[in-house]
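I opened this notebook to record what I looked up in the structure shown below.

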Amino acid sequence: MSLLHGWWHRLHVLARGERYARELDAEQRFHRELEAMSRTSEGRVPHDAEMEARRAFGNATYYREEARRMTPLGWLDHLRQDAAYAWRGLRRSPGFTVTVVMTLGLGLGVNAAMFSLIDRLFVRAPSGVAAPRDVRRLYMSVARPTEPTGRLSSDNFKYPHFRAIAATADSGFRVAAFTYPDSTAITSGDMRVAVRRSYVTGGYFDLLGVRPQHGRFFTGEELLIETPTPTVVLSDAFWRRQYEGDPTTVGRIIFIDFRPYIVVGVAPRDFTGADLDAADMWTPANTYAGSPGADPWYTTYRNSFRVVARIPAGVVEEQLLTTASQAVRSVHMKRYAYDSTALVLSGPIVRSLGPARRAQEVTIATRLAGVALIVLLITCANVANLLLVRATRRRREIAVRRVLGVSAGRLYEQLLTESVLLAALGGAAALLFALWAATALRRLLLPGVQWSGGAVDLRTVLFAGIAALIVGVAAGLAPALNATQPDLTTALKSGREGGFRRSRLQSALLIAQAGLSVILLVGAGLFVTSLRNVRAIELGYDVERSLFIRPMFGATPPSATEIGAGLTQVGARLSSAPGVEAVGFASSLPMQGYSAMPIFLPDRDSLPALGDERGASFNSVSPGFLPAVGVQLIAGRNFNEGDREGSLGAVIVSRAMAHAFWPGQPAVGKCLILEKRANPCSIVVGVAEDVNRLIVIEKASMQYYLPLAQYPSVPADVAIRTNPENMAAVRALAGAELKRAFPSMTTPFIRVMRGSLESQYRPWRLGALLFTAFGALALLVAAIGVYSVVSYAVSQRVHEMGVRIALGAGVADILRLVARESITTVGLGVALGIVAALGLGRLVASLLYGISERDPVVLAASALVLCLVGVAASLVPAWRAARVDPVTALRAD
Amino acid sequence: MKSPKSDLLLGTLDMLVLRTLTLGSLHGYAIGQHIARLSDGVLRVEQGSLYPALERLLTKGWVTAKWAETPTKRHARYYTVTAAGRKQLGAKTSDYDRVAAAIARIMGRA
């Protein structure tokens with residue numbers, strides 16, 4: 001019974017909330033009135049009686065608080081009250097609130113976005129996979145002397161390797177192979193829908209524990225490798241997107257790249273494959289269309305599979321891996337370097353956690369997570385500083401409330417509630433920001449990945465919530481502690497302007513902000529310089545004005561010879577077209593691959609080599625090709641119509657090759673023997689500027705060019721040189737000419753050389769972009785911090801400034817006085833930041849190009865920028881201080 | 001500003017309030033008056049600690065409260081002791097008797 005009454009009361013209080021508090025007030029008022037009445041009846045004047053009753057009652061606020069504290073679920077009531085109080089307080093100072101919420105929103109948002117990326121990259125197993133911990137990804141480690149460790153691990157297996165491993169798998173231990181989703185298209189008539197298809201071996205779905213939501217997965221003959229069985233399983237997303245989730249799609253025939261496939265099933269909603277990249281569809285491995293050759297593709301090295309294994313409980317993984325390693329070493333493939341030391345390793349199903357070398361983007365992602373954390377720390381310091389300024393500004397108010405009987409604990413709770421409320425608002429802003437930022441980060445960092453699932457999910461929301469709470473408490477703690485223990489007498493006596501200047505805590509926070517910001521600025525400087533250095537690398541080609549056009553064909557392409565003949569025709573017509581400066585053909589396009597054959601010098605047994613052991617590579621080119629791609633001749637002549645089949649063999653060599661083969665002598669006129677030592681001399685007719693062979697950053701390599709007419713090869717593309725103004729017109733013209741030559745052609749594939757190289761600059765561009773963005777953010781936040789702290793300090797010293805000005809201090813004196821203090825603080829922070837940047841530099845050293853991570857110019861510039869921002873941010877309030885009217889200031893208090 | 005917080009005193013105030021309420025439903029002021037009158041003004045319940053005590057008793061379910069009209073047509077909150085409250089009063093009274101007797105013995109008055 002007693003319990004029931006008690007709980008009933010608790011509920012009653014909770015339900016009535018503020019009204020219950022008013023009831024308590026009414027009750028006590030009633031009490032005082034009766035008290036006063038009884039005293040009046042004793043013959044005292046009503047006013048005195050009232051006062052006496054009040055005195056008898058004691059500290060009303062304190063007891064009211066006590067009574068409230070006694071009420072059940074008081075804490076909840078408190079929380080509500082505190083939240084309402086905090087909300088009112090925040091609404092009273094919208095400038096402060098907006099600044100803090102925005103700062104927190106950016107700081108937390110960046111981290112939430114980073115979290116969602118890191119979570120997907122390193123933590124979360126692919127969705128839809130049953131018991132992902134038991135699924136292991138296999139890797140092969142081979143000897144590679146050029147690697148720092150001497151070995152290279154990758155998850156790239158050739159089908160024969162997989163077959164050998166699968167053959168050793170006894171009952172229980174299962175393996176399956178699948179390809180990275182390739183880009184192909186669903187075709188029907190003229191329509192092409194781009195899709196990503198993964199080839200999988202039998203048992204792939206079974207091993208991952210996936211069940212079809214419609215139809216079936218692969219069975220029977222589809223599990224065998226020898227004969228193609230054109231069947232396909234669709235992903236849920238693709239099935240919904242393309243077939244509107246129609247269950248009768250199963251059994252239909254669809255065309256993948258003009259070949260018919262029967263849809264046999266649809267994968268469950270949450271399954272998108274074992275990789276980060278989502279696949280739209282899966283077909284049996286036996287539909288793999290290897291390059292045509294004498295041997296079936298699955299016995300050659302011309303394929304690439306990833307392998308997963310499910311290891312049952314009780315099986316020792318090491319034994320399985322030993323067996324698998326032996327199996328791999330038993331594989332011999334034609335023209336494939338055999339490695340007797342090959343080892344099979346295993347790792348978690350999450351690829352980024354495995355032993356394979358990571359993409360540079362992934363490395364950058366981990367560094368950026370650190371950077372995001374720095375941004376969060378800066379934000380935290382800034383918010384703490386703003387709260388501190390606010391709490392100090394409210395010193396008198398707080399002291400008054402203390403004297404009125406509000407307990408220290410209560411005030412403490414209120415201040416903390418305020419900061420947590422701010423953090424909650426900041427967290428909400430952060431999620432909005434993260435929604436955009438996480439998607440942008442994904443696209444920026446790993447654009448090739450077709451992500452399954454949204455960028456911001458429940459885990460990210462949870463992360464943002466927890467982070468906001470921690471930041472709220474952490475940033476609110478110091479100000480709350482500071483404000484609730486003031487010396488009441490001093491605070492009350494001191495009037496509006498306390499003797500306060502700037503607490504040590506505030507200075508420490510400013511120093512931390514300045515230091516952390518410098519680290520980010522140094523990072524930005526290093527990456528921007530790296531990007532500029534990489535871009536400045538001379539590739540030897542005119543990348544801005546070279547255009548490559550390749551005709552594309554549907555199901556029945558013309559023969560290679562027909563294409564070659566057609567292209568020659570097109571080239572002849574285009575070369576006389578307006579806006580076209582040169583047209584050419586070659587066996588391989590710049591930086592798209594290269595060929596090599598044995599070469600000899602008549603008077604020497606061995607050939608000189610450059611540091612790079614790959615030797616000289618060649619390209620068969622038409623006379624127009626070198627001008628078309630902008631390769632400069634530095635000596636001799638270009639090929640011409642005279643260099644044709646049957647005439648004297650002609651060669652153009654690169655500068656590096658000329659220098660290595662004939663040092664100190666003119667190369668033109670020298671003899672080079674191609675293919676076989678017995679062959680006649682080919683004569684060097686020209687020397688061309690060096691060009692890059694494959695990538696932007698590579699060691700100098702030796703190249704030579706042969707006339708396409710003497711070393712025929714069937715070109716697939718036409719290379720055109722034009723200028724930027726005529727680019728569009730030339731593209732259209734070339735497209736029309738191609739269509740005329742090849743009526744069966746679909747849309748041609750057109751590339752500007754600059755565009756196809758752009759992806760190679762990505763790591764640096766990314767680093768430069770993100771570090772600069774974060775650095776600018778940090779700078780802004782630091783500027784806000786300095787500004788608000790100095791403004792506050794100045795507002796506290798108006799009286800002092802008034803006296804100084806009255807005594808004859810000039811504007812410059814006041815500016816110096818105010819700015820000096822903040823510059824000292826910022827300077828100290830900058831110094832510490834530079835020291836930290838020196839220490840942290842080696843973490844990004846491997847990502848930089850052409851600049852040391854301790855580059856003095858970058859360090860000095862970053863320090864200077866931050867100091868300047870510090871000065872600028874403190875000069876505005878200092879200027880305000882200098883314009884104080886001494887009369888007003890002195891009269892004010 | 002420290003309120004009396006020793007167990008003995010707290011318990012005593014609760015006991016006095018519960019005992020007073022066995023006379024019938026009373027409002028806070030009347031409770032205080034009653035205690036003061038019966039003790040000839042020796043025990044003056046500080047009104048500021050009376051209401052927290054009442055709130056505590058409410059939470060424990062030993063009393064219930066209800067707004068009602070006073071004979072002078074004013075609104076007051078009347079407290080009534082519950083069955084559990086009476087049981088508690090019995091327990092507290094015997095505790096008090098034991099303690100009082102013990103103190104008396106120490107003071108050499110028994």
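The entries below move from conventions to chain A, its strands and helices, and then a sheet in chain B.

**Conventions.** I worked from a predicted model, in which local features need pLDDT of at least 70 and side-chain atom pairs count only at pLDDT 80 or more, while totals for chains, interfaces and linings use all residues. Residues are numbered from 1 along each chain as its sequence is written, chains are lettered from A and ligands numbered from 1 in the order in which they are written, and side-chain values use heavy atoms, with hydrogens and water left out.

**Chain A overall.** I noted 26 helices and 23 strands in chain A; helices (H or I, at least four residues) and strands (E, at least two) are DSSP runs, numbered from the N terminus. Chain A has 893 residues, and 50% of them count as buried, where buried means under 20% relative accessible area, exposed over 50% and partly exposed in between (1.4 Å probe, protein chains only). I recorded an accessible surface of about 41100 Å² for chain A, with 60% of it belonging to carbon and sulfur atoms; the areas come from the Shrake-Rupley method with a 1.4 Å probe, and for residues only the protein chains shown count as cover. I then turned to contacts (heavy atoms within 4.5 Å). Among those in chain A between residues at least 6 apart in sequence, 80% join residues at least 24 apart.

**Strands around β9(A).** Which strands of chain A pair with β9(A), residues 259-266, counting a pair if DSSP finds at least two bridges? I found β6(A) (residues 214-215) antiparallel to β9(A) over 2 bridges, and A:H214 stands opposite A:V266. β7(A) (residues 231-234) pairs with β9(A) in the parallel sense over 4 bridges, and A:L234 also stands opposite A:V266. β8(A) (residues 253-256) is antiparallel to β9(A) over 4 bridges, with A:I253 bridged to A:I262. The hairpin of β8(A) and β9(A) has 2 residues between the strands, and A:D257 takes a positive phi near 50° there.

**Strand β3(A).** I checked burial next: 4 of the 5 residues of β3(A) (residues 174-178) are buried, so this strand is largely enclosed by the rest of the structure. β3(A) pairs with β11(A) (residues 306-310) in the antiparallel sense over 5 bridges, and A:V175 stands opposite A:A309.

**Helices α11(A) and α22(A).** I read an angle of about 10° between α11(A) (residues 360-393) and α22(A) (residues 762-796), with their axes 10 Å apart. That makes α11(A) roughly parallel to α22(A). Their contact has 19 nonpolar, 6 polar and 3 charged residues.

**Residue A:G850.** Is A:G850 buried or exposed? It counts as exposed, at 64% relative accessibility, and lies in the loop between α24 and α25 of chain A. I also noted that A:G850 and A:R532 are 318 residues apart in sequence and 9.3 Å apart in space, C-alpha to C-alpha.

**Sheet in chain B.** I found an open sheet of 3 strands in the order β1-β3-β2, with antiparallel pairing, in chain B. β1 (26-27) and β2 (63-69) of chain B are at the edges with a single partner strand each, so one side of each has no neighbour in the sheet. β1(B) and β3(B) (residues 75-81) pair over 2 bridges, and B:L26 has B:Y79 as its bridge partner.

Terms used: Two strands pair if DSSP finds at least two bridges between them. Axes are lines fitted to C-alpha atoms, for helices over the stretch in contact, and angles run from 0 to 180 degrees between N-to-C directions. Angles under 35 degrees count as roughly parallel, over 145 as roughly antiparallel, 65 to 115 as roughly perpendicular and the rest as oblique. Ala, Val, Leu, Ile, Met, Phe, Trp, Tyr, Cys and Pro count as nonpolar, Asp, Glu, Lys and Arg as charged, and the others, Gly among them, as polar.
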